Amino acid sequence: MVTKQTAERRSNRRRLFAPVNLQSVQSRENLVTLTRSGYAGVRLVGHFAMSEMGDRELVSLIALLRDARGVGLRVSWSGDCGALEVGCLRHLDPPRQSDGTFAWSARQGEALVVRRGPTFLAVEDTRHGERRRVDIDRSEPAAAVLDDIRWGHTITPVEAASLHALELHDFVFRSGDHCVGIAVRQGVWCV
């Protein structure tokens, strides 16, 4: 039985943002733990100059944004994009820039979500207005990038050859030899 006092404590926790260091959060499982603890989001410590970050660290930051959205956490963070192309990231939480504005703004209803089928991945994209669905055969090497939950994935030569189609759809974020699928995979939702 949930008492009024217990419900109030849970409600207060849901509004809390856990301060975290990017290097201390290494996987989706760390974010699931925060969600189950009742946090509403994470506040990344530091300021991230995205155009000056190393490839692996930048890709890990994007994976954190993607996976936080997938488990129901918001991300509050500070950063500058510089000349980095970030149009494909509008469905993720933007950084607050040094002048106080946000680097990009997500419109209501914009989403990029991947659902897993037995032989395919179904990607639904509403970032550009109307809803579009793209099915990707799971036997394709590029599908492994969308299906992969590791952060800072190093692209294999076989994946590199087949990533072009995903890049045309803006389904991956790539920096150097590292990439991450940016479609959100919905998972644990704390109640």
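Modeller: The expected span of a helix is 1.5 Å times one less than its number of residues. Helices (H or I, at least four residues) and strands (E, at least two) are DSSP runs, numbered from the N terminus. The model is predicted: local features need pLDDT of at least 70, side-chain atom pairs count only at pLDDT 80 or more, and totals for chains, interfaces and linings use all residues. Residues are numbered from 1 along each chain as its sequence is written, and side-chain values use heavy atoms, without hydrogens and water.

The protein has six helices and nine strands. Let us take H3, residues 55-70. At 1.5 Å a residue, its 16 residues should span 22 Å; the end C-alpha atoms lie 23 Å apart, which agrees. Just after H3 comes Gly72, with a positive phi of about 90°.

Now its cover. Buried means under 20% relative accessible area, exposed over 50%, and partly exposed in between (1.4 Å probe, protein chains only). Across the protein, 43% of the 191 residues are buried. H3 is mostly covered, with twelve of its 16 residues buried. Among them are Leu58, Ile62 and Leu65, but also Arg66 and Asp67. Contact means heavy atoms within 4.5 Å. The cover over the buried residues of H3 includes helix H2 (28-36), S2, S3, and strands S7 (153-154), S8 (172-175) and S9 (178-181).

Next, the sheet. Two strands pair if DSSP finds at least two bridges between them. Three strands form an open sheet in the order S1-S2-S3, with parallel pairing. S1 (17-20) and S3 (74-80) stand at the edges with a single partner strand each, so one side of each has no neighbour in the sheet. From one strand to the next, the twist averages 25°. Six bridges join S2 (residues 41-49) to S3. There, Arg43 stands opposite Ser76 in S3. H3 packs on this sheet and touches S2 and S3; its direction makes about 155° with that of S3. Such axes are lines fitted to C-alpha atoms, for helices over the stretch in contact, and angles run from 0 to 180 degrees between N-to-C directions.

Last, the core. A nonpolar core is a set of buried Ala, Val, Leu, Ile, Met, Phe, Trp, Tyr and Cys residues joined through side-chain atoms within 4.5 Å. The largest has 52 residues, and Ile62 is one of those with the most contacts inside it. H3 gives the most to this core: eight residues. Leaving out residues up to four places away in sequence, Ile62 touches Met50, Leu89, Leu92, Phe173, Val180 and Ile182.
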